[in-house]
Amino acid sequence: MDKFVLSSPEELTRAVEALGFLPFFKNRIAGFSVEEMCPPGLWFAQDCDGPWEWKGPVASSGKCIYGKLFAGKAGFVSREWLPRFANLRRDGYDLDSRYEEGILDRREKLIFDGVEKYGVILSKNLRNETGFGRGGSKGFDGLITRLQMQTYVCVADFKYARDKSGKEYGWGIAEYTTPERLFGYDYVTSAYPEDPRQSREAIKAHLLGILPGLSDRDLSYILG
């Protein structure tokens, strides 16, 4: 694997495009994460943006998707590899078909419909719209993670609170959308004619090409 040292959102975007898949946090595959590719001084730096702030610009760049995609943890998948990744993770099913066959939890369908209705919606607003707000139903975090793992939902951007001078502060709040809204239904589903097992083998071959010697367990972290 080429060595990447990331110091800007543009460099992160290029790394995602080159690698195809990139987890955000350190994981079982040594060196294969945004966390390990960034100099430690950029994390929580006071005088400049760091990886936490880059997530939004990269997610909204039109060159990848971002979300909880790898073992329920955050990461990126490039636009190039999205169709095959979606075909693998969805096992060839559109969400409605999965629901009609009884594979999808009713609450997942409720959340997905909320995202689709608004196109792009803040996490806290989505919770309220779907009955998961304060005092409402429980389990939103697990359900939205499952929808991201299946590639039906992803993060469009992050929005920040602003102080009186207009400066952003605090943790960004995720805005959710669908890959189809970002890249179009025809593109996202363009690998559907391919058997999901073929998509899996294509992704596996690519990963072994950039990360030779990965074990099946290592590969499963990305493949799911």
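A salt bridge is a side-chain nitrogen of Lys or Arg within 4 Å of a carboxyl oxygen of Asp or Glu. The legends below describe close-up views of a predicted model, in which nine salt bridges are counted by this rule.

**View 1. A salt bridge joins aspartate 141 to arginine 127.** The N to O distance between the two side chains is 2.5 Å. Aspartate 141 belongs to helix H8 (residues 140-149) and arginine 127 to helix H7 (residues 123-129), so that the pair, 14 residues apart, links distant parts of the chain. Aspartate 141 has a relative accessible area of 46% and is partly exposed. Arginine 127 also counts as partly exposed, at 26% relative accessibility.

**View 2. Arginine 90 and glutamate 180 form a salt bridge.** Their closest N and O atoms lie 2.7 Å apart. The residues are 90 places apart in the chain, arginine 90 in helix H4 and glutamate 180 in helix H9 (residues 179-183). Arginine 90 counts as buried because its relative accessibility is 1%, and buried means under 20%. Glutamate 180, at 19%, counts as buried as well.

**View 3. Glutamate 194 meets arginine 84 in a salt bridge.** The distance from N to O is 2.9 Å. This pair links distant parts of the chain, 110 residues apart: glutamate 194 is in the loop between helix H10 (185-188) and H11, whereas arginine 84 is in helix H4. Glutamate 194 is buried, with a relative accessible area of 18%. Arginine 84, by contrast, counts as partly exposed at 32%.

**View 4. Salt bridges link Asp96, Lys109 and Asp113 in a network.**

**View 5. Aspartate 157 is buried but has no salt bridge.** This residue is placed in strand S5 (residues 154-162). The nearest side chain of opposite charge is that of lysine 159, 4.0 Å away. Beyond residues up to four places away in sequence, aspartate 157 touches Gly56, Pro57, Ser60, Ile173, Ala174 and Glu175.

**View 6. The buried residues of helix H12 pack against strands and other helices.** Helix H12 spans residues 216-223, and its buried residues are Asp218, Leu219, Tyr221, Ile222 and Leu223. Their packing partners include strand S1 (21-23), strand S2 (64-70) and strand S3 (73-78). Helix H4 (82-90) and helix H11 (196-210) are also among these partners. Just after H12 comes glycine 224, which takes a positive phi of about 85 degrees.

Technical notes: Residues numbered from 1 in each chain as written. Predicted model: local features only at pLDDT ≥ 70, side-chain atom pairs only at ≥ 80, totals over all residues. Heavy atoms only, no water. Helix = DSSP H or I, 4+ residues; strand = E, 2+ residues; numbered from the N terminus. Buried < 20%, exposed > 50% of the residue type's maximum accessible area, 1.4 Å probe, protein only. Lys, Arg positive; Asp, Glu negative; His and termini not counted. Contact = heavy atoms within 4.5 Å.
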